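Hi,

Here is the structure I promised to pass on.

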Amino acid sequence: MGENARKASVRVPPPRLPAKGAAGRRTPMKIIVTGASGFLGREVCLAALRRGHEVLALGGVRAPIVPGVAQARAFDLCAEAALESLVLEEFPHAVVHCAALPTIETCLADPARARALNTEVPKKLAQLCFHLGAKLVHLSTDTVFDGVHGGYQSTDQPKPLNLYGETKAAAEVEVLRYGREHAAVLRTSPIIGNSATGDRGLHERLFVAWREGKATPLFTDEIRQPVEVSNLADVTVELCERGNLSGLYHWAGTEAMSRHEIGLRIARHFGLAAESLIRPIARSEVPSAGARPRDLSLRLHPLAGKLRTPAQSFEEQLAQLRIPRGCEAWYEQVTGRKVVRRLEKGLDF
Ligand SMILES: NC(=O)c1ccc[n+]([C@@H]2O[C@H](COP(=O)([O-])OP(=O)(O)OC[C@H]3O[C@@H](n4cnc5c(N)ncnc54)[C@H](OP(=O)(O)O)[C@@H]3O)[C@@H](O)[C@H]2O)c1
């Protein structure tokens with residue numbers, strides 16, 4: 001029997017989910033969240049807690065600080081033996097893997113680390129989860145595509161233009177090799193929202209530039225389909241809970257638009273003079289733009305039809321954004337509006 005025929009004949013058991021409790025409610029799962037000191041990982045921890053699960057939050061060099069999480073620690077995922085011991089000891093029902101070098105620039109600055117963290121670590125996690133019968137939700141990116149035609153379906157072939165996309169595309173293959181029935185790979189788009197550090201969300205970076213009097217250059221011909229961080233976090237936890245959803249999926253908001261349009265809509269949402277704060281530029285004006293895919297819009301089918309968590313319009317995403325800390329005085333001065341802080345998610349947004 002050939003290798004492929006032998007693989008096809010092996011029946012892989014479904015992930016080991018807790019038994020349903022009274023009235024069909026699932027008993028809580030134990031979920032390990034990697035990258036929990038980062039932008040998305042922190043929100044995944046909060047979403048898992050909201051849904052009644054137990055969370056072990058792992059950061060890299062920083063121990064995650066997430067209200068309500070009982071167990072949080074700094075942990076180098078590239079230390080393979082230690083990772084194996086941790087996962088076997090903790091015996092989770094699911095792992096949500098958010099840790100990564102998640103930009104073109106950081107991957108180029110350290111290619112060896114990019115390959116280790118973005119490809120080898122998810123491969124190891126997929127092997128461990130397969131061994132335990134645990135569900136793995138692995139975060140991937142729209143940047144696995146070349147951006148030539150846009151409107152990508154989850155069945156389209158990746159064709160990365162840069163090292164970041166290459167390392168993430170290689171990880172998808174490895175994760176699905178070990179986790180055909182245990183893993184969900186979730187490709188997603190630029191993430192917007194409020195971050196704990198106040199500098200990870202797109203609107204937060206724009207506000208800092210505007211406060212410093214800089215008009216931000218944004219491409220009119222580079223298309224992206226933003227997703228809001230807490231909506232994406234809910235989807236990752238729902239995927240942990242749904243034993244029957246494995247394979248390769250896309251998730252984003254419902255609207256694709258140019259980076260310029262995204263910036264204009266953010267500024268207008270806050271009542272700011274958008275045209276004076278944002279400078280339109282074309283990709284042809286920037287020599288390095290060739291390594292950046294042009295149109296990374298995603299089709300959300302079939303996942304959008306299977307989940308309870310709905311995909312959000314851009315208006316719904318904008319409604320979640322808060323004035324970044326440190327920008328209040330500037331904002332009050334230019335708009336005449338008063339900034340009122342509310343305590344949300346352990347932060348004074
Ligand atoms: N942000 C986006 O717009 C976007 C778009 C598409 C896809 N994604 C994907 O979404 C995921 C999350 O992205 P993000 O923006 O939330 O990333 P992020 O904020 O940059 O967080 C990265 C996380 O990785 C951790 N990390 C780095 N090296 C590590 C190591 N050796 N061991 C353990 N942890 C390590 C960091 O921990 P320390 O900082 O504590 O070291 C941090 O918690 C990534 O897989 C990314 O590819 C993101």
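This is a predicted model: local features need pLDDT of at least 70, side-chain atom pairs count only at pLDDT 80 or more; totals for chains, interfaces and linings use all residues.

**What I found**

Residue numbers start from 1 along each chain as its sequence is written.

Back to Phe 91: you'll find Phe 91 in the loop between helix H3 (80-90) and strand S4 (94-97). Helices (H or I, at least four residues) and strands (E, at least two) are DSSP runs, numbered from the N terminus. Phi of Phe 91 is near 50°, a positive value in a residue that isn't glycine.

Another backbone spot to check is the cis peptide bond from His 301 to Pro 302, with omega near 5°. Pro 302 sits in the loop between strand S13 (278-281) and helix H11 (303-306).

Now the domains. The chain splits into domain 1 (26-190 + 226-251) and domain 2 (202-223 + 257-294 + 319-335), with bounds from an automatic or database domain assignment. Their C-alpha centres are 28 Å apart. Across the boundary, 13 residues of domain 1 are in contact with 8 residues of domain 2 (contact means C-beta atoms, placed from the backbone, within 7 Å).

Gly 201 is in the loop between strand S7 (191-192) and helix H7 (202-211). Gly 201 is buried, because 23 other C-beta atoms lie within 10 Å. Leaving out neighbours within four places in sequence, its contacts are Ile 192, Gly 193, Asn 194 and Ser 195.

On to the inside. In soluble globular proteins, nonpolar side chains tend to be buried together. The largest nonpolar core here has 71 residues, and Val 33, Val 44 and Cys 45 touch the most other members (a nonpolar core is a set of buried Ala, Val, Leu, Ile, Met, Phe, Trp, Tyr and Cys residues joined through C-beta atoms within 7 Å). Helix H2 (residues 39-50) gives the most to this core, at 8 residues. A second, separate core of 9 residues includes Leu 206, Trp 210, Phe 270 and Leu 277.

Cheers

Conventions:
A residue is buried if 20 or more other C-beta atoms lie within 10 Å of its own, exposed if 12 or fewer, and partly exposed in between; C-beta atoms are placed from the backbone. Two residues are in contact if their C-beta atoms, placed from the backbone, lie within 7 Å.
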